[in-house]
Amino acid sequence: IIDMPLRDVVRLIRGKKGTKVRLTILRQGDKPKRFQVDIVRDKIDLEEQAAKLRFENVKAGGRDLKLAVIDLPSFYGDRDPAKRQGSRDVKRLLAQVQAQHADGLLLDLSRNGGGLLEDAVAISGFFIRKGGVVAVREDDERRRVLEDPDDSMLYNGPMVVLTSRLSASASEILAGALQDYHRA
């Protein structure tokens, strides 16, 4: 599955609850090691992957600052807008950040391996006024630009986006867009 899109990997692993799937793992090291792991499929609790907010008090430049930290381990949601959406959760958390008068925001994408592209575009729009977030090439080679749909910003204060080598796909798109717009 190296270089395979996450949704294709998930499609291969997904199955009926209670059935087994066997994964062959290749662990890199001085000597690459290959081994197998059997996993029993079960229903995944989205709560573990849901966006979370915490506040940290930090000292910087001789000042005490309140830093908001939003941990976003994936871009989740259902195509059905009536069901849980990551962008709605982040929107709710940003309202709390504003209500608590945070001095800055750290958006932690360091464990975010991707997820719904539309969710990443929507969340990008919370931090920029207007504009394109990412261009997608269609099957017929046409290019379609996914844009922030409005000119409102939910958070316009100082922010940092934390990424790591585990950050991939949609999280790289969000981080890149906020960097391109000089927002983070």
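Buried means under 20% relative accessible area. The views below come from a predicted model.

**View 1. S74 is a buried loop residue.** S74 has 13% relative accessibility, so it counts as buried. The residue sits in the loop between strand 4 (63-71) and helix 2 (86-99). Leaving aside neighbours within four places in sequence, S74 is in contact with Q49, N112 and G114.

**View 2. F127 and Y155 form an aromatic pair.** The count of aromatic pairs comes to 1. F127 lies in the loop between helix 3 (117-125) and strand 6, and Y155 in the loop between strand 7 and strand 8 (159-162), so the pair ties together parts that are 28 residues apart in sequence.

**View 3. Strand 6 and strand 7 pair in the antiparallel sense.** Strand 6 covers residues 131-137, and strand 7 covers residues 143-148. The pairing runs over 6 bridges. One of the residues to look for is G131, whose bridge partner in strand 7 is D148.

**View 4. D148 is buried yet has no salt bridge.** D148 belongs to strand 7. Which side chain of opposite charge is nearest to D148, and how far away is it? That side chain is R129, 8.3 Å away. A salt bridge needs a side-chain nitrogen of Lys or Arg within 4 Å of a carboxyl oxygen of Asp or Glu. Not counting residues up to four places away in sequence, D148 touches G125, I128, R129, K130, G131 and V133. Among them, G131 is also the bridge partner of D148.

**View 5. K33 lies over the face of F35.** The distance to look for here runs from K33 to the ring centre of F35. It is 5.7 Å.

**View 6. The charged end of K66 sits over the ring of F55.** In this view, K66 is placed 5.3 Å from the centre of the F55 ring.

Terms used. Residues numbered from 1 in each chain as written. Predicted model: local features only at pLDDT ≥ 70, side-chain atom pairs only at ≥ 80, totals over all residues. Heavy atoms only, no water. Helix = DSSP H or I, 4+ residues; strand = E, 2+ residues; numbered from the N terminus. Buried < 20%, exposed > 50% of the residue type's maximum accessible area, 1.4 Å probe, protein only. Lys, Arg positive; Asp, Glu negative; His and termini not counted. Contact = heavy atoms within 4.5 Å. Pairing = 2+ DSSP bridges. Phe/Tyr/Trp six-rings, centres within 6.5 Å; stacked < 30°, edge-to-face > 60°. Lys NZ or Arg CZ within 6 Å of the ring centre and 35° of its normal.
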